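Here's a short tour of a protein with a ligand sitting in it. Have a look at the model first, then read on.

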Amino acid sequence: MDKDIIKEALDLQRELTEHSYRYHVLDDPVISDAEYDRMLRRLLEIEERFPKLSTPDSPTKRVGGPPLDAFEKAVHSIPMLSLDNAFNDEDVLEFHQRIVKLAGRDQVLYIAEPKLDGVAVELRYENGTLVRAATRGDGVTGEVITENARTIRSVPLKLKEDRLKAPALLEVRGEVIIRKSDFEKLNQTRLEKGESLFANPRNAAAGSLRQLDSKITARRPLDIFVYGTGLAQGLEFQSQSGMLEILQGFGFPVNPHIRTGLTLAGVLQAYKDLETLRESLAYEIDGMVIKVDDLGLQQLLGEKIKSPRWALAYKFSAREETTTIKEIIVQVGRTGVLTPVALLEPVNVGGVMVSRATLHNEDEIRRKDIRIGDKALVVRAGDVIPKIVRIFPDRRNGTEKPFAMPEQCPVCLSKIERLKLDRSYMNKCVNASCQAQLKERIRHFVSKKAFDIEGLGRKIVDQLVDEGMIRSFADVFKLEAEKLAELERMAEKSAGNLTQAIEASKKISLARFIYSLGIQHAGENAGKLLSQRFSSLEEIMAASVADLEGIHGIGPETASAVHGFFANAENQTMIRQLLETGIEIQNDRPRAPETPESPFFQKRVVLTGTLAAMARSEAQALLEAAGAAVTSSVSAKTDFLIAGADAGSKLDKAKKAGVRIMDEAEFLALIRQA
Ligand code: JCF
């Protein structure tokens, strides 16, 4: 083996390790993904030829190894304890008072960190190299998952020795997590493949770490934050915060929201701050961990059997609660789809009273065997509609009644059809003039992203439809102030304001107009894309399915729904009547030019960060002139991300989605070429 090759391999290993660290731990990459991939491929090639160079700490080892038959047991050198829980400020005060008493001093400083809702692991490093990873298990014995841990990009395979030399032995403890956005994507993919879904990010992380085939783990978006140590030979830590700094120096990711130097009052404030921060964090947390910062004092306080006396988990109030399903009703949506909704015995779920939960569809009710009268577990995640996760069959008393989908529409009494929609069956009221559908369609028609008529809220729409004053979209523009003022709860002034708002809404962009029609599968984005491709409503109405499918970003489902909508004679009449009311549709988006020679032609582009040469709006105009669709959010469909200075989360997202990334120089060169 020649010396140059050895040197090249070692250099590549060192550089790739550094770049991976910059990307996954510091979140501050300095080379493009393409460059990284090129270097990695070169290293793989060399290691394949000279397997001796393929050491366990090589960055090529992130892809997983041969599958195992079973996990070996891992006995922890020092048991991995759990934490006592606190649920309110008094619990924390008691914790503090106990410490003050045992310590014999009243000034105690704490460190507080987000309590990650993930899977606890321990990583063992010998002379700086990762040699074993283990799950916490029962705290005494876990399972050896070394190969799986190696695939976690932010787990160092080798300690960085920039500041300190690696000790002979170091055990580092942390929490393996999956970010919320990665979890959604993972489940979406599983749904598309017909695989079972993970209930939450923690289960997904646990399931991913428990794979016997580490190649599967390698494809899961696992991440880690470390929070402590087990055995650490030859390292002297003074404080918890000092220890974290040292671990950071060795190349471990440490959570950025950790706060130090806190008094009791500071701890309570930090908890409130963290509650506010919670929703915006990229990963799930279920509370705040409070620790005595001084390790000398920690030692003095010591441990109980299962938990240390120097730490406490201050849990957030649960966002799940048990309650009773009083009734199951059926709601009729805009397109006639029936959605069963559970009416619940009102219950406080993490600070919000919940009295209804969506049940999705009939199949879901059958799958979960949900019956009227059942005790159910309700969860509320973020600001989404509460969901029923499961029911408790053991708590039935025999009076529970199974739910059956009505055979008639609960509102218009028309026949219900069972239709296949995407992957599951939907029950649909096929009467296009059903009042319930009409109400939902009008609601959508006047909503913020459509005609945006302020003052036409849910209750008024209900009233107007019930009174027969609105039977179609066109009727919205025929409302008269005098008639409106006669409605219950409608003052003369607000009737006047409403007719003014209606008049003002008559000028509308083509994109919004299309969206307002509420065509299935045609949302805000489809409206925009159609208005870019076609210059007028008439052109869109005349387009063939093939024309529509030819638009970049419009899928076959949307194309056929749009075509079907405009081919329908009743819809054509509806549109004619609507145009007769004097609405004015403007196409403010120029028709996409025919510039197939441009690299941006018919590409989806996202701009992020600051450009030095021009404003972002100018860049957008140039791109659109070259035939690009400029969108604001990154998805797997994005073709290019143009990243200016200080690009943030969109850049990360693009990298994760494998989107081609361009810097400003490359963008300028290519746009000039067009
Ligand atoms: O984030 C966590 N789930 C977490 C768990 C953080 C900590 O600092 C912990 C822990 C469990 C035990 N510390 C200990 C001692």
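## About the model

This is a predicted model, where local features need pLDDT of at least 70, side-chain atom pairs count only at pLDDT 80 or more, and totals for chains, interfaces and linings use all residues. Residues are numbered from 1 along each chain as its sequence is written, and side-chain values use heavy atoms, leaving out hydrogens and water.

## Around the ligand

Strands here are DSSP runs (E, at least two residues), while helices are H or I runs of at least four, numbered from the N terminus.

Now for the close pairs of N or O atoms. The side chain of Glu113 puts one 2.7 Å from a ligand oxygen, and a backbone N or O atom of Leu116 lies 2.9 Å from a ligand oxygen. For Glu175, a side-chain N or O atom is 3.3 Å from a ligand nitrogen. Alone, the ligand exposes 360 Å², and the protein buries 90% of that (Shrake-Rupley method, 1.4 Å probe).

## An open sheet

Four strands line up as S5-S4-S7-S8, paired antiparallel; pairing takes at least two DSSP bridges. S5 (129-135) and S8 (222-232) are at the edges with a single partner each, so one side of each has no neighbour in the sheet. S4 (residues 119-126) and S5 share six bridges, and Tyr125 stands opposite Leu130 in S5.

Key:
A polar contact is a pair of N or O atoms within 3.5 Å; within protein, one must be able to donate a hydrogen and the other to accept it, and residues adjacent in sequence count only if both atoms are side-chain atoms.
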